[in-house]
Each structure stands twice: as structure tokens, then as C-alpha cells.
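Hi,

Here is the structure I promised to hand over. Have a look at it first, and then read on for what turned up in it.

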Amino acid sequence: MTAIFEADQAARKAPNIDWATVAKEDAERRKHVGELLGTGELRSGDDFYHAAFVFQHGSEPSDYLKAHALALVAVARGKEEATWIAAATLDRYLMAIGQPQIYGTQFQKRSDGWSQEPFERELLSDAMREASGVPTIAMQEERLAELTARDAGE
């Protein structure tokens, strides 16, 4: 599972990424991980953590929801840092089904600039965000300003 995860991450770090190729490779990785899940070969917190990352790079709401469930299993099996991917995949799922995100992990570049909308900021406290490994609202606002400034300098 570690090798699949590392391939997933490496595909996003290469210079001049061909996203059409990455999408095909992502689909193959999700298929392979689905087979491993089906045969019960994923066991450790690390296995489920890595599987969550693979599925969060899906294209369908069901991919993001599966990634969220995988992240929860990773946390339950002792992988504490999986709380962030659990939050991020829930946000991604919510946005994919037309609902506002609740943690604020998803930043999207739109024609009018960067946005986190729709975002229900008041639902969770900053303490809850921090407990989930997610930056506070103030830190997210700083990140949004950084992204905007970066694009203005291009």
C-alpha cells in the first residue's frame, strides 16, 4: 500500500503535470486499492491512511466518501495524523454534492480568484479544527490571501 501511496503523491510533484495521464493512473490506483480492500489485505492504520489519500484523488462523490471512511479506520487503528485527511475528504465530499464544506480545507481557483465557498465557517470551532489537524479560520484566511497575492504577481 505504501508503494501505491508514494506513486499517487509523486504524480502530483512532477514538473509539467499531464493531468489527463494522472487521472488515468489515479483510476488504476483506486481500482487496485479497491481490490486490496475487497480481499482484506489492508490491515494497519498506515494502510488505511494511504488508501484514503488514493481515494481522495478520485472524481466522484463516492470516492471522497470512501476516502473519508478509510481515514476514520486509519484513526481508529492508531494513525492520529489521519484526522486531517478525514476532515479534508468530508469537505471534498460535501462540496461534490453541492453542500458547503465545514472545515475549510478546500481552496478552489475560480474565474474571479481563489475561494473556499461554499463554506459553513460557524459550524465548527477553531478548537475542533485544530483537533482535526486543520488550520484555524485566521490561518485559512492568510492562506487565501497568499494564493491571491501569488496569482496577482504572475
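This is a predicted model: local features need pLDDT of at least 70, side-chain atom pairs count only at pLDDT 80 or more; totals for chains, interfaces and linings use all residues.

**The aromatic rings**

Searching the whole structure gives 4 aromatic pairs. One of them joins Phe5 and Tyr49 in a tilted arrangement, with 6.4 Å from centre to centre and 40° between the planes. Because Phe5 belongs to helix H1 (residues 2-10) and Tyr49 to helix H3 (residues 45-56), this pair ties together parts that are 44 residues apart in sequence. Phe5 is buried, its relative accessible area being 16%, and Tyr49 is buried too, at 15%.

Tyr49 also pairs with Phe53: the ring centres are 5.1 Å apart and the planes stand at 75°, so this pair is edge-to-face. The cut-off behind that label is an angle over 60 degrees. Tyr49 and Phe53 are 4 residues apart in helix H3, which separates them by about one helical turn. In general, an α-helix has 3.6 residues a turn, so residues three or four places apart point the same way. Taken together, ring pairs link Phe5, Tyr49, Phe53 and Trp84 into a cluster.

Two charged side chains may interest you as well. Lys79 lies over the face of Tyr49, 4.9 Å from the ring centre. Over the ring of Tyr64 sits the charged end of Arg92, at 5.9 Å from its centre.

**Helix H1 and the cores**

Which residues of H1 are buried? They are Ile4, Phe5, Asp8 and Gln9. Looking down the axis of H1, these buried residues fall within an arc of 135°, so they line one face of the helix. They pack against H2 and H3.

The largest nonpolar core has 20 residues, and Met1, Val33, Leu42 and Ile85 are those with the most contacts inside it. At least two residues of this core come from each of H1, helix H2 (19-38), H3, helix H4 (61-76) and helix H5 (82-96). H3 gives the largest share, 7 residues. Another core, of 6 residues, lies apart from the largest one; among its members are Ala87, Tyr103, Leu124 and Val134.

**Helix H7**

At 1.5 Å a residue, its 16 residues should span 22 Å, and the end C-alpha atoms are 22 Å apart, which agrees. Its buried residues are Ile137, Gln140, Leu144, Leu147 and Asp151.

Best wishes

Note on methods:
Residues are numbered from 1 along each chain as its sequence is written. Side-chain values use heavy atoms; hydrogens and water are left out. Rings of Phe, Tyr and Trp (its six-membered ring) pair if their centres lie within 6.5 Å; planes under 30 degrees apart count as stacked, over 60 as edge-to-face and the rest as tilted. Buried means under 20% relative accessible area, exposed over 50%, partly exposed in between (1.4 Å probe, protein chains only). A charge sits over a ring if NZ of Lys or CZ of Arg is within 6 Å of the ring centre and within 35 degrees of the ring normal. The expected span of a helix is 1.5 Å times one less than its number of residues. A nonpolar core is a set of buried Ala, Val, Leu, Ile, Met, Phe, Trp, Tyr and Cys residues joined through side-chain atoms within 4.5 Å. The arc is that of the directions from the helix axis to the C-beta atoms. Contact means heavy atoms within 4.5 Å.
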